Amino acid sequence: MAVTSKYFPGAEKGHETEHEEHDPRESLMYDPKPRGEMNQMVMESMLTTSCKFWVVFCMLAVLVATCFFYAWGYMIAEGLGVAGVMRPSYWGIFLVNTVFWIGISHAGTFISAILRVMKAEFRRPFTRAAELMTTFGLIQAGASIFMHLGRVWLAYWLFPIPNERQLWPNFHSPLMWDLLAITTYVLGSTMYLFLPLIPDLAMARDRSTGWRKTFFKTLALGFRGTEGEWRHLQTAMNIFAFAIIPVMFSVHTIVSWDFAMAMRPGWSSTVFGPYFVLGALHSGMGAVAIVLCLMRATMKHMDYFLRAEHFDALGKLMMIVSFAYAYFFFNDYIVQWYGGDKWTDALLHWLEEGPMAWMFYQLIFFNIVLPWLTLWNRKIRQNPWLLALIGLLINVGMYWERYLIVPVMLTINRMPFTWKLYEPRIEIFLTIGTFSLFLLFYLAASRLIPLIPVWEVQEGQMTHSLRKVGKTQVPTISEFE
Amino acid sequence: MSIDLNLVGAKGAIAQEAEGKWGMVIDQDVCTGCQACVAACAMENNLSFVGEEDAGYGRTQHWIRIERFWEGAYPEVKSTPFQPMLCQQCGSAPCEPVCPVFASVHSQSQDINLQVYNRCVGTRYCANNCPYQVRQFNYRDYHLDPIHANEVDGQLVYPFHNQFNPDVTVRRRGVMEKCTFCIQRIHKAEDTAKSQGREVVDGEMVPACAQACPSNAITFGRLDDPESLVSQMAHDERGFKHLEELNTMPRITYLKEG
Amino acid sequence: MTDTTLLALFEDIDPAANAIEKLHEMGVGDSQINVISGVPIMHKMLGRPHPWTNVSRLALGGAIAGFMFGLFLNFGTPALYNVPVGGQYRFPVPPGLIIVFEMTMLFALLSTFLGVFLDSYFPNYRPLEYVPEISDGKIGIFFKYPVDEQEKFVDAMNQLGAESVRPTEAQQL
């Protein structure tokens, strides 16, 4: 078989030949390597750094220091006047960022929990990369929420801690439900990130020296791989996988209720719950595509682990989610459009014909039209750069969607005397800061922990085999649990 | 075990006292739009001067504002009557359930909506949920803005601070505020009444806006006293409540142009 | 006759399973055998007894604790200090459902996680029976044996395809 594709052998062959001559060994699960070799590859990808890496790292560190820490400190000292919030858009980009980052974090749980429960084997090499996105994304979401507070130094009042005033927080408030849900989600997904990481930390401990060895030894907690340890770990992972799925759905639903519970035209929509969850999955899947493409392009040996089939599967998921997202978007839109309530009418006119109308049409194009036009095509799906580009544009579209929902929809309320358009000010820098911090965390993690769950890949390879049925070899998957 | 269905339930908002205790009637027919109420309120309640730029951007510190709408250009201008808009002290206030730290609560004794400045952490959900958009946020420490200060012997001295009302706090940045029906005056009247062993009677105190209005467009008093002027005016046939369909149960009745 | 530990390293599951059967025949009980591997292997494949775990029970316990905590937060705190808001009930039920759900899940997940630590005695930094080859995918069978019969055991393991057979003792990981 002649290798014609720059990225994947066999990916650019004609349609008929592909069907007839598809070699199962193109798939990671049917292309096993000895575990020792895979361990070596993962350790090398973690330890090899180049000049380019450090340049990017330093640039991000500078951006974080200025646009995140310094800008936030300045805003705390001066007050929210340096931001763009005003009447009637009391909520601005900080909430947009919060919703955006929580959205990104949902993809991690989808891949590591839902795909695990559905026994989708293609998830195996990238569950950790996706789960890292969850944890780091939630950190940015938490930071954005604290940035949004007027008196952030009193934020501890939001927590139900006994105090000498004997005051408890108000559980009628959707913000309190938000707090509990996001706390549950961030703790749950960090624990769910850590549990399958333990055996890989043990592997790294065995192959490291110096400070890394101490680091891995401490984090690996003395894991060896005894039958008891595996049993505890697998039971826990099963419980987590099943339990974190309803938590994931509830978190973004509760975040959407911050808006839906408010009596603002455009906001008090009953479909916001599932609409936001699907939107979250949409942007998250796109972000996973970007991350996987960058991993494959910049880290050593990743081309063994991340293959055409993974991008193909991811692309199919992205397309399915875009259908579901379009369904909920249209639901929300047409009910408002048909209604005739004068405030909602004014709001829709504002969205479609006002100064931010370009955002509205761009979001429809990026979120719905673009995936529908491109992702049905296998060649596009299997190309990591194209998929990453589509993912990036989907994320842009989703960011516009949140921007329209929060500050722009707030402009049109029931008191026309107050209508005024929001202008972002220092929020732009703080947004750049959160993106930089996210990338910085990711770069640091790629150097500190193994990004591929090698034991899960080996486990998958053990369960996949080729069985002769009739005249051909048939891929067969057994169940080991 | 029986469950008190007035306390536990899954139903939506329940009705508070439909009428309320302290209330107001604003006659839009006689309001001249002079903004004396705005100025009086600012003086009485230590409102800050946010400056031209911030005010133009939508950050005015107006606990009461005069709204007007018009179309056409001079001299063919058609305009609506002036509409003073202030906190309606709703019986079923949408701003109250959404504050996560209980900074916006309902007063049991005065039956108005309270804003507890020292509890507010500044999430601004209450302001978003207010359908009348009458809540104001302190975006900066406007009182301490050096632009208002004079430099005396190397120190900044703020002449505006001399006119502060000692009965009212001064809010720092990050805190939400709104019209309180001049609760400091209500409390003073109640203290006087208590020391005399009686209830507060209607007409014993008025908020700054009612006091300042030159055309007596604002009437204030006890809504639960059927003899009071405000209670009788509230039942006037010209009376209506803003955004009544939202079921917020405002304590302010507006009298439309007659 | 003191017992020491012998380690037999295997590449694949089949030889390892045969080795364990042979050890049973040679009189080494299940409680004296410790199988350590780089990937989880079903106990049935190796002919080992079912490994029990308390993690699911702890998870259930945590869920119940979380349920009670959620009930306290939503129904207990207004009972302790009632602050009336916006014509809503003092003990609201729909927000209560949300809070009870979240707290149930939080405590269930926390106790599952801590249950793994508890059951596995994590963190364990003392010297333990282990060799680094295991994380390279080998299956290590550590078993206690009477020291004067070492030859017999070494031969038996080598015959069944062990990569290496050697005495070990607990070492710092």
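The model is predicted. Chain C holds 5 helices and 5 strands, and an automatic or database assignment divides the chain into two parts, domain 1 and domain 2. Chain A meets chain B through 35 residues of chain A and 33 residues of chain B.

**Fold of chain C**
- The order of elements along the sequence of chain C is β-α-β-α-α-β-α-β-α-β.
- With a radius of gyration of 25 Å, against the 16 Å that the globule rule gives for 173 residues, chain C is well over that value and so is more spread out than a compact globule.
- The C-alpha trace of chain C extends about 85 × 30 × 30 Å along its principal axes.

**Domains of chain C**
- Domain 1 of chain C is made of residues 3–51 + 127–168, while domain 2 covers 55–120.
- A distance of 46 Å separates the C-alpha centres of domain 1 and domain 2 of chain C.

**Burial and contacts in chain C**
- Of the 173 residues in chain C, 41% are buried.
- Counting contacts in chain C between residues at least 6 apart in sequence, 85% link residues at least 24 apart.

**Contact between chains A and B**
- The contact draws on 35 residues from chain A and 33 residues from chain B.
- On the side of chain A that touches chain B, helix α6 (residues 174–206) of chain A gives the most, with 3 residues.
- That side of chain A consists of 21 nonpolar, 8 polar and 6 charged residues.

How values were computed
Residues numbered from 1 in each chain as written. Chains lettered and ligands numbered in written order. Predicted model: local features only at pLDDT ≥ 70, side-chain atom pairs only at ≥ 80, totals over all residues. Contact = placed C-beta atoms within 7 Å. Helix = DSSP H or I, 4+ residues; strand = E, 2+ residues; numbered from the N terminus. Nonpolar A, V, L, I, M, F, W, Y, C, P; charged D, E, K, R; others polar. Rg over C-alpha atoms; globule rule 2.2 N^0.38 Å. Buried ≥ 20, exposed ≤ 12 C-beta atoms within 10 Å, placed from the backbone.
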